[in-house]
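Colleague: I am new to this structure. Please take me through the sheet.

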Amino acid sequence: MSKYALFLGCTTPVKVPQYELASRWVCKYFGIELIDVEEFTCCGINQVNLSIEAGLLMAAMNLALAEAKGLDILTLCAACTGALAEAIEKLKDETTRNSVNEKLRDVGLEYKGKTKVRHISRVLYEEIGTEKIKREIKKDLSALRVAPHYGCHYLRPKSAFGGFEEPDNPRTLHELILATGARLVEYETLNLCCGGKVFPVSGDLSRALVQKKLDNLADKEIDAMALQCQTCYLMYSDQQKEVNQKYDKEYNLPVILYPQLLGLALDADPVKNLGLNLHSISPEKILSKII
Amino acid sequence: MNKVKKMVSTSELDPGFKSDVLTHPDARGLNACFSCGACSAGCPIHEVFPDYSPKKLAKMVRLGMKKEVLSSPYIWYCATCRNCVEHCPQNVKFFDILNVLKNMAAKEGYAPAAWIEQTKHVTETGIVFAKEDSWAKKREALSLRPLKKPGEKIRGIIKETGIGKIKPRVNSK
């Protein structure tokens with residue numbers, strides 16, 4: 001039985017709480033204990049725009065909070081994963097670590113380099129494993145055609161993830177989807193970014209990226225796109241309507257977060273355990289194909 | 001759009017700009033750039049908006065076009081996917097260089113209001129959003145634990161970094 005500090009990040013707990021709900025359910029199912037750390041804040045990734053040092057310090061503060069409890073961190077957001085993993089890499093340098101710790105000391109913290117960070121998909125893949133997941137499946141998802149979307153920060157910087165994935169040819173989410181019994185759909189723009197990090201500055205640029213992927217998926221007879229980051233989720237679901245208006249399209253692609261897909265295969269309650277009723281694009285198409 | 005169209009004469013260049021950028025450890029690879037364009041070729045933003053070009057921006061830094069680079073709205077258009085870093089044959093970390101440029105631009109008053117507001121929100125809510133009353137209800141309906149207000153630690157950290165004092169670009173969108 002493993003134990004992690006659950007790092008919710010900014011967006012999931014207030015805008016996509018169904019991701020948190022489903023993640024907690026799936027972790028409980030597989031005996032992964034999640035500890036809430038009240039003082040966790042934003043990981044600092046967007047503060048890097050204004051100050052690289054400030055972003056690093058915020059990441060270090062969060063790492064130190066988990067370390068003080070003797071815990072590794074489990075993330076839901078791809079961007080938090082990338083930001084915290086990159087901070088761990090940077091803080092391996094003694095000079096950097098000392099200067100960061102000097103500032104952390106003022107708020108009663110210190111990061112010694114012990115706490116590690118892992119995304120929920122990586123924990124499911126490496127700790128539980130696809131074989132065990134397959135053995136637990138209770139529902140038949142074989143009629144579902146699912147396209148994966150990874151999230152840039154889940155893969156890059158490659159140097160921060162110790163060779164876990166090949167960023168241009170990732171596999172974990174592919175295999176996790178297959179483990180649910182769903183059918184996997186490959187497509188050309190797999191690695192195209194959702195544009196979420198440019199959204200606060202330019203909605204138009206981010207929607208141009210969303211449109212490209214939706215267009216690529218439009219003729220692939222897909223029932224759902226499965227993702228592992230709430231920002232990617234918001235871009236492809238909530239922005240889908242805006243994209244339809246702007247580009248005069250009628251995309252209607254349901255989007256689902258991986259723990260929800262896995263939860264469905266494990267016979268979790270779609271509403272009570274997975275919050276699928278909160279989706280802006282109806283998941284009816286998904287639910288109707290599950291036996 | 002603030003296109004760089006006019007010719008820049010050598011007298012307007014700032015020869016110290018590149019050195020200033022290079023002093024940041026994250027930017028040190030810039031000297032190894034041989035302008036192959038792999039960064040732009042793999043950039044999703046460049047693909048939908050060709051005027052945004054990592055290759056061009058890297059060249060402008062090396063030429064010393066300080067004012068043009070730091071005042072350009074384009075430097076804020078990065079989607080942070082880091083394809084440029086992973087694809088560079090010279091191990092130039094354009095994404096990190098761009099962050100150094102954004103930090104310099106922010107100090108000179110060119111940061112978009114969006115990023116400055118986010119910092120303000122972090123000191124108030126601990127996250128990048130301003131508090132909304134609907135949050136608590138939404139979470140309660142799902143039986144998720146209530147969110148706590150951020151403690152003194154994060155406010156201390158933000159104060160320590162000085163980013164709370166950065167002023168936004170005046171005509172910021």
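Modeller: The questions below follow the sheet strand by strand. This is a predicted model, in which local features need pLDDT of at least 70, side-chain atom pairs count only at pLDDT 80 or more, and totals for chains, interfaces and linings use all residues. Residues are numbered from 1 along each chain as its sequence is written, while chains are lettered from A and ligands numbered from 1 in the order in which they are written.

Colleague: In what order do the four strands of the open sheet in chain A lie?

Modeller: Strands are DSSP runs of E, at least two residues, and helices are runs of H or I, at least four, numbered from the N terminus. Two strands pair if DSSP finds at least two bridges between them. In this open sheet of chain A the pairing is parallel, and the order is 6-5-7-8.

Colleague: Why is one side of strand 6 and of strand 8 of chain A left without a neighbour in the sheet?

Modeller: Strand 6 (183–184) and strand 8 (255–257) of chain A stand at the edges.

Colleague: Are the residues on both faces of strand 7 of chain A buried or exposed?

Modeller: A residue is buried if 20 or more other C-beta atoms, placed from the backbone, lie within 10 Å of its own, exposed if 12 or fewer, and partly exposed in between. Ala224(A) and Ala226(A) lie on one side, Met225(A) and Leu227(A) on the other, and all are buried.
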